[in-house]
Structure formats: C-alpha cells, structure tokens
Amino acid sequence: MTQHSDTEHFTGSFTQQEPIPEAGIEAALSILRHGRLHRYNTVPDELSETALLEQEFAALTGAKYCLSVASGGYAMATALRALGVAPGDTVLSNAFTLAPVPGAIASVGAKPVFVGVTESLTIDLDDLEAKIDQAKVLLLSHMRGHICDMERLMAICDAAGVKVVEDCAHTMGAAWGDVPSGRSGTVGCYSCQTYKHVNSGEGGFLVTDDEQVAARAIMMSGSYMLFERHLAAPDPSVFAKIKYETPNISGRMDNLRAAILRPQLADLNTQCQRWNERYYVLENGVRDTPGMQVIERPDAETIVGSSFQFLLLDWSADAIRKVVSRCGARGVELKWFGAPEPAAFTSRYDSWHYADPQPMPKSDRILHGIVDIRVPLTFSLDDCALIARIIKAEVSAVYQSEI
Ligand SMILES: *Cc1c(COP(=O)(O)O)cnc(C)c1O
C-alpha cells in the first residue's frame, strides 16, 4: 500500500504490446496458405484484404478516399508529393515531433521550417501565425496525441492558403470537437507501426477528400495501373491524365499486414477507451506532485492516452537526470526530451542538423522539461497506479533535495 511507496518496484515492460487478435492471426494464416500477399494478386471476384482495409478505414474516419502504405513516414512523404511539394520548397512543421516527420520533408528535397511548442505540448499558434508566409504546406504533428485548437489552426492556414497535412501517428481514434483527427486538413496520415494504436509491425494510411491528391498518392504508391482494384479510390476517370504524369515510388501495404489490421480497426474504439482508463489513473496518481506540471487536456479534445507526459519546467538537467535514474532503478522507464544527445525516440528539432534548425529558446525551455512514458495496453490499471506512485515519490524526493 502507499506506506511502502518508497520501496515498490514495477516489473512490467514498457515495450510489450498486446498480441494480435485471434481473428487477425487466422486471417494472416489463410493469406500465408494461399500465398497471394501482394495487394493486386487476386483471383477473379476476390477483394484483397488491403482494399477492404482501406474501405474500412475510410468509413472509420469519414474520409472519401484512403490508401494504405508501407509506413507512416511514407504516407507523409506521399502526401507532400501529392500536394506538389518540390525540391527546394519549405514546409512548416512542429519543433516537437518525431524524426520521421522532418524526415518526410527532407525525403522530397524540401526543408522544414520549425514552429514552436507550448506548455500544452501543442504547436504554438502565435509562432505559426508569425511564420505562415514562409511555406505553402504545414505538416502538423499531433505529437504524443496532443491536439491544438484546430479551429484556430485551420483559420490561420486557410487565410494564408496553406494546405495542412496531419501527422496522426498518435491520434488514430482521437478527435477535436466532432472532427476525427486527420480530417481537418487536406490529408491525414497514420502509422501502424508496433507502438501506435494498431500494430502491423510497419504500415500506414493516408486519407483525404481531395480526388486529385488521392489519385496521385495511389499512382505513386505503386499501383501498376491497377487503380481500379481500389475500393476507397476516386473514379477511374480521375486517373486518366495523372497516370502519365505521376512517378511510381513503391510503398504499398500488403495483404498479410492488412489481414492483421482489419480486426484491430474493428476493436479500435474499445482499445482507445482502455488507453484512456490507464491514462487517467496515471494522471490522477501524479497530480499535485510538487514541481511537476501535468498537461491539462482541453474539453474539445477526445484523447487516446497511449502515452503520458508531464513537465519538470525549469528544473536543472542534473535534477531531471536524477528523476529518470531513480525511476529507472524502480522499473519505471522515463523518456526525457531534454537530454543533450538524442536517445531512442526522443530526438528533437536541434538534432536534425540536415534541416539547419534555427535556435528556438522558448521551445527549448519546454522541450527541456518534457518527460514521457509509453502506456502499453498490457499494463493493468493497478500497474498504472503503481507507476504513478513511483513517479510521484521520486519527483517529490528529488524536488525536496534540490530546493
Ligand atoms: C511513429 C511516428 C510517425 C510515423 O512513423 P513510421 O515509423 O514511419 O510509421 C510519425 N510521426 C510520429 C510523431 C510518430 O511517432
């Protein structure tokens, strides 16, 4: 109980996801047994798992068109290409995000213009407004699931004629108001990489209502002129012209991964609720820890709490390191975004030298204080309560010894 809170240890794994649902395993086995893994390798009257998956994800997000691809990073790069981003162009994007985001921009030969982060861990809309004339596209990352005021963001971008591509790697199943994440901008991009909300090892989706963008993305992903086999694609007439002008940059999803994903999509709502139960146990458990700031979530946001962050704002690097190592010694793996050297998943804008980042002191102050944990669904609610007790005890102990 709580009187032992200084000695409790957590023994679970922060990287252990749940198994693939039995229905997915069965479907995968049947694909393996017939051997038609390629999405266009079908027998007469057969609809491929990949095409069905796209139809189901389009329905889930309310998008007209959906394309499944090899990764979230590929989805973003394809979205940028489909919007006409060319070598030498600039693309606005978040200073607080993961490496595949600036990487997608660099992969099309463009250069990111980083926009700052606020204490809500969302994009700084004042900074966005100040920089809005520096690019024609914003690649907006809902990093760690934190969604900014999407009405204000869209008003800023619409007024400047800036197209928005949303990186929803952490917001599949989330929403702002009534709008599912990924449906405010021109294109929404999602990842199916193991640590996201559905797991096919690698994979991604792109959704849009724009028929030109959808047709170009399908051509680029490597459709070999078989675009008529898609179920969530524009009418074949839309391809008439672009099919001669759009290069093939293969990055398709295959039937095996699609088969694994379909039952997971069917469960997504339940899974999101389970994440949120765990998130709020963590949040309630660490609330009112001296020196710590929890991230208050706006009413308009429907969250998916698949990870949890808190701020140790204006703490010294040494003190934060002590918290990380003391929690680590008790089995709680914290990720710190302020470490001078990027470590597993925690790189930040100034780690991406190829993008020639300019100093951002206001964002540096916040990035320095961000501490992050993963919340896999293999954690029970009791696990989350224990993790929260350990974090609260160690943050309090270091805080008291430092002041
Ligand atoms: C995981 C992730 C992506 C996409 O990653 P892939 O590994 O390319 O699927 C994009 N943005 C963020 C913030 C991510 O965490």
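Q: Which residues form the nonpolar patch on the surface?
A: Ile 25, Leu 29 and Leu 32. Together they have about 230 Å² of accessible area. Keep in mind that this is a predicted model.

Q: Where does Leu 29 lie?
A: In helix H1, which covers residues 22-34.

Q: New topic. What does UniProt place at Lys 196?
A: The UniProt entry, which is unreviewed, gives the feature "modified residue: N6-(pyridoxal phosphate)lysine" at Lys 196. The unreviewed entry also places the feature "active site" at Lys 196.

Q: And where is Lys 196 in the fold?
A: Lys 196 is in the loop between E8 and E9.

Q: Is Lys 196 buried or exposed?
A: Buried, with a relative accessible area of 10%. The cut-off for buried is under 20%, so Lys 196 qualifies.

Q: Let's look at E8, then. How many residues of strand E8 are buried?
A: 5 of the 5. The strand covers residues 187-191. With that count, E8 is largely enclosed by the rest of the structure.

Q: Which residues point which way from E8?
A: Val 187, Cys 189 and Ser 191 point one way. Gly 188 and Tyr 190 point the other way. Residues on both sides are buried.

Q: In which sense do E5 and E8 pair?
A: Strand E5, residues 163-167, pairs with E8 in the parallel sense. There are 3 bridges. Val 165 stands opposite Val 187 in E8.

Q: How many bridges join E8 to strand E9?
A: 5 bridges, and these two strands run antiparallel. E9 spans residues 204-208.

Q: What is the bridge partner of Gly 188 in E9?
A: Val 207.

Q: What holds paired strands like these together, in general?
A: Strands of a sheet pair through backbone hydrogen bonds, either parallel or antiparallel.

Q: Moving on to E2. How many residues of strand E2 are buried?
A: 4 of the 5, in residues 90-94. So E2 is largely enclosed by the rest of the structure.

Q: How many bridges join E2 to strand E3?
A: 5 bridges, with the two strands running parallel. E3 covers residues 111-115. Leu 92 has Val 113 as its bridge partner in E3.

Q: What unit do E2, helix H4 and E3 make?
A: A right-handed β-α-β unit. H4 takes up residues 100-107.

Q: And how many bridges join E2 to strand E4?
A: 2 bridges, again with strands that run parallel. E4 is residues 137-141. Here the bridge partner of Leu 92 is Leu 138. Leu 92 therefore has a partner in E3 and one in E4.

Q: Last one: in what order do the 3 strands of the open sheet come?
A: E7-E6-E11, with antiparallel pairing. The edge strands are E7 (179-180) and E11 (301-302), and each pairs on one side only.

Q: How many bridges join strand E6 to E7?
A: 2 bridges, and the strands run antiparallel. E6 is residues 175-176. Ala 175 has Pro 180 as its bridge partner in E7.

Methods: Residues are numbered from 1 along each chain as its sequence is written. This is a predicted model: local features need pLDDT of at least 70, side-chain atom pairs count only at pLDDT 80 or more; totals for chains, interfaces and linings use all residues. Side-chain values use heavy atoms; hydrogens and water are left out. Patches are made of residues with over 30% relative accessible area and no salt bridge: like charges are joined within 9 Å, nonpolar side chains (Val, Leu, Ile, Met, Phe, Trp, Tyr) within 5 Å. Accessible areas come from the Shrake-Rupley method with a 1.4 Å probe; for residues, only the protein chains shown count as cover. A salt bridge is a side-chain nitrogen of Lys or Arg within 4 Å of a carboxyl oxygen of Asp or Glu. Buried means under 20% relative accessible area, exposed over 50%, partly exposed in between (1.4 Å probe, protein chains only). Two strands pair if DSSP finds at least two bridges between them. A crossover is right-handed if, with the strands pointing away from the viewer, the path from the first strand over the helix to the second runs clockwise. UniProt positions are given in the numbering used here, feature names are shortened, and annotations may be inferred rather than shown by experiment.
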